[in-house]
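Subject: Structure handover and notes

Dear colleague,

I am handing over the structure below, followed by notes on what was found in it. Please read the notes alongside the coordinates.

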Amino acid sequence: MLRIYDTRARQVEEIEADRAVRMYTCGPTVYRHAHVGNLRTYVLSDLIRRVLERRRVRVVACRNITDVGHLVEDPSGDGEGTDEDKVVAQARAEGRSPRELARFYEDAFVADTAALNLRPPEHAPRASETVDLMIELIAQLVERGHAYTVPDGSVFFDVQSFPSYGEISGNRLDALRPAHRIEAVDPRKRFHADWALWKPGDGELTWDAPWGRGFPGWHVECSAMSLRFLGSRFDLHTGGIDLRFPHHEDERAQSNAATGHEVVRHWVHGEHLLFDGRKMAKSTGNVVLLSDVVAAGLDPLAVRLAFLEHRYRQQLNLTWDTLRAADRTVRRWRARVAEWSESPSAPMATAYAERVEAAFDDDLDTPSALRILRELERDESVAPGAKFETFLHLDQVLALDLSSEIGKPKVLPPGAAESLAARERAREAGDWAASDRLRDELAEMGVRVSDTPEGQIWA
């Protein structure tokens with residue numbers, strides 16, 4: 001069974017499951033395109049799902065959609081959202097209403113996840129359509145003494161009422177200081193680390209509540225949705241490492257305070273992604289979208305493979321060179337699978353398959369799994385039919401569409417025809433070093449070259 005690193009426990013733990021696992025993933029904010037760094041988190045959740053389903057465990061997944069403008073950003077550093085006016089201004093600049101803007105980017109996100117072969121979650125609730133759940137949860141917290149109201153209609157979580165706060169991130173209440181960008185502690189708060197569950201407001205994206213018209217705080221959304229769609233106890237909560245604090249700490253406090261017990265069994269976080277050695281963010285001008293990868297002539301699943309080349313808990317420095325290398329590997333494997341499919345049938349290479357599956361189970365050790373697959377690809381003692389069966393079996397987890405070239409007419413990838421012609425000229429001239437080099441370059445493109453008495457042939 002899958003063993004995975006639990007951030008709160010600070011150790012690798014086995015996912016105990018008989019028949020079903022319930023998993024929550026913090027979803028996208030849909031007022032901009034998701035970049036490839038954002039998408040790494042969702043590939044992690046999909047990988048967990050596929051590994052568990054390979055063990056015949058049913059996975060019930062929930063991934064929220066943050067489409068309420070106040071919950072999109074946190075420019076103040078206090079973890080409590082942004083001003084609605086910015087979202088409204090963005091929508092008007094794009095000629096849409098805020099809701100139309102959110103739907104546009106939600107559709108773009110869903111298209112990106114489909115291009116990466118992510119299985120859709122069973123539940124994908126939108127924040128704007130579940131505010132009633134958030135109001136109900138806030139009322140519960142007030143009633144239980146974990147939240148308090150103030151005269152202007154705000155509601156704050158009383159963090160000192162939750163002694164185990166900080167177990168995920170290691171931040172202790174007595175060591176917490178006000179966020180560095182806040183000039184003074186909010187005088188409405190009993191303690192500077194308290195956070196807003198409800199804020200007063202009368203703009204376009206506001207709702208009526210017992211405390212007055214307003215909108216929910218940033219963190220309450222995920223607590224309300226996970227409790228509603230997965231129940232008061234569920235197995236896995238995933239997200240990027242940047243959400244560990246304060247979002248997941250606050251979410252855990254809200255959920256546990258409302259139910260009176262530990263709601264999430266395992267917290268799993270994926271590490272940051274850099275691009276060309278720099279953080280990927282709009283503020284740094286270093287944002288790469290999946291559409292940029294496709295525009296560069298690369299298969300979107302090259303991004304998925306590039307992610308799998310590194311363990312989810314390792315910081316990944318993605319570059320265009322690594323993406324191009326991943327693209328060549330994906331295309332080569334598809335060509336090899338199509339070639340092997342024409343060979344006599346043979347049983348799966350069980351020893352190789354078991355080694356790869358053991359790597360998957362070992363805290364998602366995908367780099368080891370890929371090394372073993374490359375070893376199988378080169379192993380001439382294994383029949384082509386066995387390689388075919390093994391690669392397709394393991395592609396249920398890899399999800400690289402390795403069967404997509406089977407039965408298709410053989411078409412050379414861009415640049416391969418020129419390389420084949422150059423190699424033929426090199427052989428005619430007796431330049432064996434150039435011939436070998438070009439053969440290796442063609443292999444990287446997914447083109448296998450063989451020499452016969454009649455000349456070179458390719459597959």
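Where pLDDT is low, the predicted coordinates should not be read in detail.

This is a predicted model, in which local features need pLDDT of at least 70 and side-chain atom pairs count only at pLDDT 80 or more, while totals for chains, interfaces and linings use all residues. Residues are numbered from 1 along each chain as its sequence is written, and side-chain values use heavy atoms, with hydrogens and water left out.

Overall architecture

The C-alpha trace spans about 90 × 50 × 35 Å along its principal axes, and the chain contains 14 helices and 15 strands, taken as DSSP runs numbered from the N terminus (helices H or I with at least four residues, strands E with at least two). Of the 459 residues, 53% count as buried, with buried meaning under 20% relative accessible area, exposed over 50% and partly exposed in between (1.4 Å probe, protein chains only). Among contacts with a separation of 6 or more, 75% come from residues 24 or more positions apart.

The chain is divided into domain 1 (3–270), domain 2 (275–398) and domain 3 (416–458), with bounds that come from an automatic or database domain assignment. The C-alpha centres of domain 1 and domain 2 lie 31 Å apart, and 29 residues of domain 1 are in contact with 28 residues of domain 2.

Helix packing

For the helix pairs, axes are lines fitted to C-alpha atoms over the stretch in contact, and angles run from 0 to 180 degrees between N-to-C directions. Helix α10 (residues 350–361) and helix α12 (residues 384–398) have axes 10 Å apart and pack at an angle of about 10 degrees. That makes α10 roughly parallel to α12, given that angles under 35 degrees count as roughly parallel, over 145 as roughly antiparallel, 65 to 115 as roughly perpendicular and the rest as oblique. In this pairing A353, V356, E357 and F360 of α10 meet T390, H393, L394, V397 and L398 of α12.

E357, which lies in helix α10, counts as buried at 13% relative accessibility. Leaving aside residues up to four places away in sequence, E357 touches R54, H393 and L394.

The axes of helix α8 (residues 301–308) and helix α9 (residues 320–340) come within 8 Å and cross at roughly 105 degrees, and α8 and α9 are therefore roughly perpendicular to each other.

Backbone features to check

Most residues other than glycine have a negative phi, and most peptide bonds are trans. R10, in the loop between β1 (3–6) and β2 (11–14), has a positive phi of about 60 degrees and counts as partly exposed at 41% relative accessibility. R56, in the loop between α1 (36–54) and β4 (58–63), has a phi near 65 degrees and counts as exposed at 78% relative accessibility. The peptide bond from F245 to P246 is cis, with omega near 5 degrees, and P246 is placed in helix α6 (residues 244–259).

Key. Contact = heavy atoms within 4.5 Å.
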